[in-house]
Amino acid sequence: MRIMTCRMRFVVLRVAVAACVIMLGSCAARSTGPDGLRALGAASSAEVSPQYQTPMAKGDTAANASESSPSAEASTSMPLPATPGVYAGDLKTSPPLQPGAPTHRISLQDVLRLTLENNLDIKISEYDRKIARDEIEVQKGIFDTLFTSRLAQTEIEQPLVLEKAGTTPGFTQTTWEDFGISDVQQSVAKSFEARLSQLLPTGGILELLYTDERLEQVPSGFATVSPYYTVQLTLAFLHPILKNFGPAVTKAGIRIAKNNAEISHEAFRLQVMSQLAEALKTYWELVFAIYNYDVQMISFRQAQELLRINTIKFEAGVVPSTDVLQAKAQVASREEQVIIAHQQILDIQDLLKQIMNVTNTDPNWQTNLIPEGRPTYYDVRLDEDQFLREAFAYRPEYRQAETMLRSRKIQRMVARNKRLPELNFYGYYGFTGADESNTRAFENMETLDYHHWQVGLEFRYPLPNRAGRYGYHQSQLQYDQARESLENVKNLITLAIRNSRREVETNRKLIDVNEASVEYEEAKLDAEQKRFDVGMATSHDVLEFQRDLANSRANHLRAIIDYNKALIELELAKGTLLKSHQIQIENQ
């Protein structure tokens, strides 16, 4: 009986000690610490870090929610007029920052502006666009009036041919010297030529030619005057009749250059949209990283709190040492997740800076970027037919393919013309003046008494004209290729729209599923915590439920971020990303 009484007293004593320990642990858990935890993880909205806005609680009204949510940053698609959804968890910790570095709060609009202003890929693509625009002026240069001039001196020596002695009545001389002349004649001509040439839109060439020549013959022999001057003013005209005829052929290079400029402009738009989409998605990844750090920190501190309680119980002899070891192992494991989450924040900050071209030589390189946006989401109306209409109107790839098809059509038309024979009409008409002085020669020309002219047809055709025939065949193949490419782009856009729409739908459903999962895990952990407080559950069960809750919160957060990223991809697939953010690119 004494042994039984002693045992009963020992059991009662242990139960009393355990009850005291549990009461002390519960009071300590309910006391507000720096992490704002209540009862191993229940959130307190009054203890949110002042750097962040408080997310909408379950009891908030729609009006309050709309006032506290940033409307300009909630979605990249046209939202329905509805209350935005938000991440279920509150931010209870400040994100880990680079020590000693300044902090800058950045919004989606800041990211868009800085990316547009500083992104190197956008700047490089802008050079291509400018080069393509300048090519239009280069091609228009074919209609520039061409001025050419030439100043020359020509010397010619040739034997002097005269009738031999005896062949002409009255002449009895038998040598060249008897005439007092050399048997070699030297001609020296000094000439100046100026020409104006103008290409006509129809393919003809109009020229105005002025020549001024001084001719001296030594010895002069029987020449009338030496030296003497010749002046000519001539208007010449050459015009194709078959090959190279017509404005369509003449201006083909200009039209193709304009099309290439449009293609380059669309390539620039695509580059801008791609870089902005990457910047926006990186911004949302930074939001995820910061809130995910908070999730991991809450889980870590829950494990620390359980370790503290288990240590007290172990010292009181209530629980075995394995409970303490399990709690220590979980503390170490969750601290590892906190460290990884910390690194993720810094890595994404650097990535966002790289997109905005904030390099290590920039004073803002060490700045800590804190996003103003929160994990918020809007419901959108998913109309696939409307999305396709927008995509075929705005997608740069589709516009490029359409423009390329037009260029190939022009090239085919030119190649068809190149198969024709070359038949040209040409002619010239001018006036001539000649005298022993240049001034009198020019005056002589001004009288318009002496003229020269010529008209004619010129025909050329290569046999068997392989260049023309196979050049046209190549142009036809290129046209067919461009037409098939347009159809291929159309199919790819249709597929991209369908995939993007499904991605949005899937992530929207995952938000609801994970939100419900968070509620279930919170209730499950709360029930298990109560069982643990009365000794009906082990610390292993509590740690497992804490881990499940942390995973559910992370999954819910991931679903919201992925939903916003899917909306960005949908805008990119439609080609309306710039339009949705009211960004206009001038095509000058």
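**Group meeting talk: cores, salt bridges and a surface patch**

Let's start with one residue. Arg 460 has a relative accessible area of 45%, so Arg 460 is partly exposed. On this scale, buried means under 20% relative accessible area, exposed means over 50%, and partly exposed lies in between, with a 1.4 Å probe and protein chains only.

A word on the source. This is a predicted model, where local features need pLDDT of at least 70 and side-chain atom pairs count only at pLDDT 80 or more, while totals for chains, interfaces and linings use all residues. Residues are numbered from 1 along each chain as its sequence is written, and side-chain values use heavy atoms, leaving out hydrogens and water.

Back to Arg 460. What does Arg 460 meet in a salt bridge? The partner is Glu 422, at 2.9 Å, N to O. A salt bridge here is a side-chain nitrogen of Lys or Arg within 4 Å of a carboxyl oxygen of Asp or Glu. Glu 422 lies in strand β9 and Arg 460 in strand β10, so this pair ties together parts that are 38 residues apart in sequence. Helices (H or I, at least four residues) and strands (E, at least two) are DSSP runs, numbered from the N terminus. Glu 422 is buried, at 18% relative accessible area.

Now the other salt bridges. The whole structure holds 31 of them. Why can such pairs form? Side chains of opposite charge can pair when their charged atoms come close.

Take Arg 508 and Asp 379. Their closest N and O atoms are 2.4 Å apart. Arg 508 sits in helix α11, and Asp 379 sits in the loop between β8 (376-377) and α8 (384-394), so the pair ties together parts 129 residues apart in sequence. Arg 508 is buried, at 17% relative accessibility. Asp 379 is partly exposed, at 35%.

Glu 117 and Arg 113 meet in a salt bridge at 3.8 Å, N to O. Both lie in helix α3, four residues apart, about one turn of the helix. Glu 117 is partly exposed at 45% relative accessibility, and Arg 113 is partly exposed at 41%. There is also a network: salt bridges link Arg 150, Glu 193, Arg 195 and Glu 207.

On to the inside. A nonpolar core is a set of buried Ala, Val, Leu, Ile, Met, Phe, Trp, Tyr and Cys residues joined through side-chain atoms within 4.5 Å. How many residues has the largest nonpolar core? It has 55, and Leu 276, Tyr 283, Trp 284, Leu 286 and Leu 577 have the most contacts inside it. Elements supplying at least two residues each include α3 (108-118), α7 (321-355) and α12 (539-574). Helix α6 gives the most, with 22 residues. Leu 276 touches Leu 112, Thr 115, Leu 116, Leu 577, Leu 578 and Ile 583, leaving aside residues up to four places away in sequence. Contact means heavy atoms within 4.5 Å. A second, separate core of 23 residues includes Tyr 377, Tyr 479, Val 504 and Ile 511.

Last stop, the surface. Ile 241, Leu 242, Leu 420, Phe 425, Tyr 429, Trp 453, Val 455 and Leu 457 form a nonpolar patch, with about 760 Å² of accessible area together. Strands β9 (422-435) and β10 (451-460) are the elements giving two or more residues to the patch. Strand β10 gives the most, with three. Patch residues have over 30% relative accessible area and no salt bridge; nonpolar side chains (Val, Leu, Ile, Met, Phe, Trp, Tyr) are joined within 5 Å, and like charges within 9 Å. Areas come from the Shrake-Rupley method with a 1.4 Å probe, and for residues only the protein chains shown count as cover. Is Trp 453 buried or exposed? Trp 453, found in strand β10, is exposed, with a relative accessible area of 54%.
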